[in-house]
Amino acid sequence: MSRGDNSGKGNGRGRQGGNPKGKSYARGNAPLKKSNNTLKKVSDSDEIRLNKFVANSGVCSRREADLYIQTGSVWVNGKPITEMGYKVKLTDEVKFDGRLITPHKKEYVLLNKPKGFVTSTSPEKTKTVMDLVANASKNLLKPVGRLERNTTGLLLFTNDTDLEKKLTHHKTGVRKIFHVELDRNLKFEDFQKIEKGIKLEEGFIQIDEISYIEGSPKNEIGIQLMSSKNGIVTKLFEHLTYNVTKLDRVIFAGLTKKDLPRGHWRILTEQEVINLRMM
């Protein structure tokens with residue numbers, strides 16, 4: 001398993017943390033901004049036409065939405081609506097062909113998380129990952145899963161609730177690769193124990209692959225696993241009396257850190273979104 005960590009590099013192209021001057025956030029000069037990604041309180045006057053609601057969800061154009069409404073494919077609060085010009089509130093439950101939709105375009109943002117940030121969407125005294133993606137979207141984005149405060153690496157944000165649930169469900173089997181740095185060299189007998197699987201309080205943990213990282217000291221390990229349990233990598237090594245000094249997620253669901261410096265974010269490509277939906 002190769003190192004594959006380009007966190008210190010970057011060519012300044014694309015959206016990187018909303019920093020037009022191309023400064024490296026890895027040096028701690030990221031312009032942190034308290035996130036305003038909170039939903040606006042909706043009043044009774046906040047209404048939009050149903051065809052616009054459907055079109056804004058990204059499933060079709062507004063003209064096509066009119067046709068779907070006429071054929072009874074759009075339901076509001078449990079009832080089919082065929083009336084042209086019908087208005088809905090943003091708080092109404094709208095379904096298109098039986099699937100719940102929201103009036104916001106689905107967005108997907110990938111962050112290379114630095115140390116010291118909590119994965120939380122709630123305002124806190126400490127720094128949160130929402131501060132780093134505050135300029136990525138005007139819509140409310142949520143992190144897919146979480147990384148612990150001192151864990152670095154890839155963290156995906158989206159307002160696509162269907163995809164978020166899919167990627168965090170234990171049956172999906174999302175591939176994750178971590179680079180682990182220990183306080184001492186990993187003994188070969190402990191390497192074999194992890195390879196065979198270890199019983200922890202959370203249950204029997206079987207990883208998919210473990211390897212010494214090519215060209216690195218034997219206290220640097222590559223771990224590949226499908227488990228969605230948070231902190232399981234750290235617990236594996238702590239069970240064998242090792243301290244994890246560095247934990248970096250370098251691959252998540254086929255997404256990599258290529259050209260994405262630490263502390264920067266970028267919007268997923270159309271092909272990347274397609275790949276995630278096909279998982």
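Student: Why is asparagine 77 called partly exposed?

Tutor: In this predicted model, asparagine 77 has a relative accessible area of 46%. Buried means under 20% and exposed means over 50%, so asparagine 77, at 46%, counts as partly exposed. The residue sits in the loop between strand 2 (74-76) and strand 3 (79-80), and its phi is near 50°, a positive value in a residue other than glycine.

Student: Why does aspartate 259 count as partly exposed?

Tutor: The relative accessibility of aspartate 259 is 31%. That value lies between the limits of 20% and 50%, and therefore aspartate 259 is partly exposed. Its place is in the loop between strand 16 (255-256) and strand 17 (265-267), with phi near 60°, a positive value in a residue other than glycine.

Student: What makes asparagine 159 buried?

Tutor: Asparagine 159 has a relative accessible area of 14%. Since buried means under 20%, the residue is therefore classed as buried. Asparagine 159 lies in the loop between strand 9 (152-158) and helix 4 (161-168), and its side chain reaches the backbone nitrogen of glutamate 107 at 2.8 Å.

Student: Why is the pair of lysine 193 and aspartate 190 called a salt bridge?

Tutor: A side-chain nitrogen of Lys must be within 4 Å of a carboxyl oxygen of Asp. For lysine 193 and aspartate 190, the N to O value is 3.8 Å, so the pair meets the rule. By this rule the count comes to six salt bridges.

Student: How are lysine 193 and aspartate 190 placed in helix 5?

Tutor: They are three residues apart in helix 5 (residues 188-196), and so are separated by about one helical turn. Lysine 193 is partly exposed at 42%, whereas aspartate 190 is buried at 8%.

Student: What makes glutamate 202 and lysine 235 a salt bridge?

Tutor: The closest N and O atoms are 2.9 Å apart. This value is within 4 Å, so the pair qualifies. Glutamate 202 lies in the loop between strand 11 (198-200) and strand 12 (203-205) and lysine 235 in helix 6 (residues 232-239), so the pair ties together parts that are 33 residues apart in sequence. Glutamate 202 is partly exposed at 33% relative accessibility, and lysine 235 is partly exposed at 34%.

Notes:
Residues are numbered from 1 along each chain as its sequence is written. This is a predicted model: local features need pLDDT of at least 70, side-chain atom pairs count only at pLDDT 80 or more; totals for chains, interfaces and linings use all residues. Side-chain values use heavy atoms; hydrogens and water are left out. Helices (H or I, at least four residues) and strands (E, at least two) are DSSP runs, numbered from the N terminus. Buried means under 20% relative accessible area, exposed over 50%, partly exposed in between (1.4 Å probe, protein chains only). A polar contact is a pair of N or O atoms within 3.5 Å; within protein, one must be able to donate a hydrogen and the other to accept it, and residues adjacent in sequence count only if both atoms are side-chain atoms.
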